[in-house]
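Student: Hey, I've just opened this one for the first time. Can you walk me through it?

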Amino acid sequence: MADDQAPVGLSRGLTNYGDRDFARYLRLANARSMGFGSGLLKKPVIGIASTYSEFNNCHRGVPDLVDAVKRGVLASGGLPLEFPTISLGEPYLNPTALFFRNLMSMDTEEMIRGQPMDGVVLIGGCDKTVPAQLMGALSAGLPTIQVVTGPQSTNQYRGERLGACTDCRRYWAKYRAGEIDDARIEDVEGNLVVTAGTCAVMGTASTMASLSEALGMLLPGTAAIPAVHADRLRAAEASGAAILDLVKAGITVSDIITEESIENALRVLLAISGSTNAIIHLTAIAGRAGIKVDLNRLNELSDTTPVLVDLKPTGAFYMEDLHAAGGIGAVMRELKPLLHLDCMTSSGQTLRERLETQDDFVDRKVVRSFDEPLQPQGGLVALFGSLAPRGAILKRAAADPTLFEKEGRAVVFSSLEDLADRVDDPDLDVTEDDFMVLQNAGPLSPSGMPEAGYLPIPKKLAAKGLKDMVRISDARMSGTAYGTIVLHVSPDAASGGPLAFVKNGDRIRISVKERRIELLVDEAEMAERRKTMPVTPFEAKRGYARLYRNEVLLADEGCDFDSLRAEPGRT
Ligand code: FES
Ligand code: MG
């Protein structure tokens, strides 16, 4: 029978009850029931992690992508075997999709590890699925390529272009301000998402797709191909062929995701003015390789990385325009002097080889040159200080610079419920110069760190035309949102961070120039508050919620589970 020294394909990982040949015989007998010829069963096996789900509209195109990957694998001499994993559709999950990201990463890791495969193609797309797959695959350690579902195409609606979900917010703001009526908002609702694929702007899904390409995990040039474009299927087919080359060459995901490629991804994140969520996800991905993403280093990179890409929510264009303009390759060519070019990619080429060989077309309306950037510095910055000893994040590219150096009075909401109950109260004591503060929406809170950081402007101020004010929380923000919004305050309120002890009327100072965020309350008063104000992290008695409660790390550690991080001696 086959050689036990180096089992491949379906002979991998056979249970050994004393007669391994019997175990193999039994496995092959079962595999043959699928109708495969015996020759095919001796080929290298490529697992295809499918995330199709009717609870995930962004993944509507996954079955077609699976078929295309299979074609590529078969044509290159491998046996493709599709398997399902958890799928996370951002709008459908309670309390949040982030709460389940680590569960999906565990499912992905263990199914790659537990089933007999030589390499794996991951098909992800919606916000949390891309990082969850990368985290799991990195821990599993096989040759790996990712394929993303691709962005939605925009719609033509009454003379304007609509795409999820910056335009969703724009229309909702109009509705809240009384500019449009119920009938119109219902009509808009049916016109925002009109194709398969992920949100059409540089939201979290598009950001993570871009970073997966920057890391080298997507085939070059494939992050921004629209979901419904034939090139998306061609990319999937090519990925099916490329994974066999990686298997033959013995190139694993650990050869691709390294300290250097993580730094390249951070550069690209800053240059595309990507989603704040990506910092949490990249930190978690890096942690699976034992690499720390330091927010001080993020600030250094931010100071030296220009914003080059003009996409919504901060700019003018949509993801399909980035594809037509040259894609992430065009961005990386501009950043070339700043990048680590020896990094390996899933194409089997180094990044240097990739950037030298690819088509160099670029549309400067969408991707600016390094010398004439949209903004000279990166879109994201970390703030530190007495309110956020372990850091907080501000997407300065999406914020109002007149609010960057400012002291204000805190108007505090103690929870999401409190916010919902009071934000539109006509008697709420709030002015446009105040700082809205939301507590108990961080990773340790019962809400599991939702995208609630985009606090609505109180109705009475919105009605006067106010579009932005300083908002501070331990929550996250959707990648499609914008405003002067300080997020991920760490430690979060529910784990006893200073944010928990902010009271109405306290003074807070932010300085983007100095990277500071200070709660102007003296230490004696803070000590008193720590004694008298209760902190209540959420309780979970059983199941996954208990695992989450016991294991989840803070925002600056990527909200991964402690025991899933790579550490010496852990396998
Ligand atoms: Fe899936 Fe926006 S809801 S990417
Ligand atoms: Mg999103």
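This is a predicted model: local features need pLDDT of at least 70, side-chain atom pairs count only at pLDDT 80 or more; totals for chains, interfaces and linings use all residues.

Student: Okay, where does His323 sit, then?

Tutor: His323 is part of helix 13, which covers residues 319-324.

Student: And is His323 buried or exposed?

Tutor: Buried, because 22 other C-beta atoms lie within 10 Å of His323, and the cut-off for buried is 20 or more. Also, His323 and Val362 are 39 residues apart in sequence, with their C-alpha atoms 9.8 Å apart in space.

Student: Let's zoom out. Which domains is the chain divided into?

Tutor: Domain 1 is 1-42, domain 2 is 43-153 + 195-356, domain 3 is 157-189 and domain 4 is 381-538.

Student: How far apart are the C-alpha centres of domain 1 and domain 4?

Tutor: Those centres are 57 Å apart.

Student: What does UniProt list for residues 43-353?

Tutor: An unreviewed UniProt entry gives "domain: Dihydroxy-acid/6-phosphogluconate dehydratase N-terminal" for that range. In the model, residues 43-353 are 48% helix and 9% strand. The entry, also unreviewed, has "domain: Dihydroxy-acid/6-phosphogluconate dehydratase C-terminal" for residues 365-559, and that stretch is 15% helix and 22% strand.

Student: New topic: helices. At what angle do helix 10 and helix 11 pack?

Tutor: About 175 degrees, with the axes 11 Å apart; helix 10 is residues 259-271 and helix 11 is residues 277-287. That angle makes helix 10 roughly antiparallel to helix 11.

Student: Which residues make the contact?

Tutor: From helix 10, Ile262, Ala265, Leu266 and Leu269; from helix 11, Ala278, Leu282 and Ala286. The contact has 7 nonpolar residues, no polar and no charged.

Student: Where are the cis peptide bonds you'd point out?

Tutor: One joins Lys312 and Pro313, with omega about 15 degrees. Pro313 is in the loop between helix 12 and helix 13. Another joins Ser490 and Pro491, where omega is about 0 degrees, and Pro491 is in the loop between strand 12 and strand 13.

Student: What about the phi of Arg158 and Arg515?

Tutor: Most residues other than glycine have a negative phi. Arg158 has a positive one of about 45 degrees, and Arg515 has a positive one of about 60 degrees.

Student: Are those two buried or exposed?

Tutor: Arg158, in the loop between strand 5 and strand 6, is exposed, because it has 9 C-beta neighbours inside 10 Å. Arg515, in the loop between strand 13 and strand 14, is buried, with 20 other C-beta atoms within 10 Å.

How values were computed:
Residues are numbered from 1 along each chain as its sequence is written. Chains are lettered from A and ligands numbered from 1 in the order in which they are written. Axes are lines fitted to C-alpha atoms, for helices over the stretch in contact, and angles run from 0 to 180 degrees between N-to-C directions. Helices (H or I, at least four residues) and strands (E, at least two) are DSSP runs, numbered from the N terminus. Angles under 35 degrees count as roughly parallel, over 145 as roughly antiparallel, 65 to 115 as roughly perpendicular and the rest as oblique. Two residues are in contact if their C-beta atoms, placed from the backbone, lie within 7 Å. Ala, Val, Leu, Ile, Met, Phe, Trp, Tyr, Cys and Pro count as nonpolar, Asp, Glu, Lys and Arg as charged, and the others, Gly among them, as polar. A residue is buried if 20 or more other C-beta atoms lie within 10 Å of its own, exposed if 12 or fewer, and partly exposed in between; C-beta atoms are placed from the backbone. Domain bounds come from an automatic or database domain assignment. UniProt positions are given in the numbering used here, feature names are shortened, and annotations may be inferred rather than shown by experiment.
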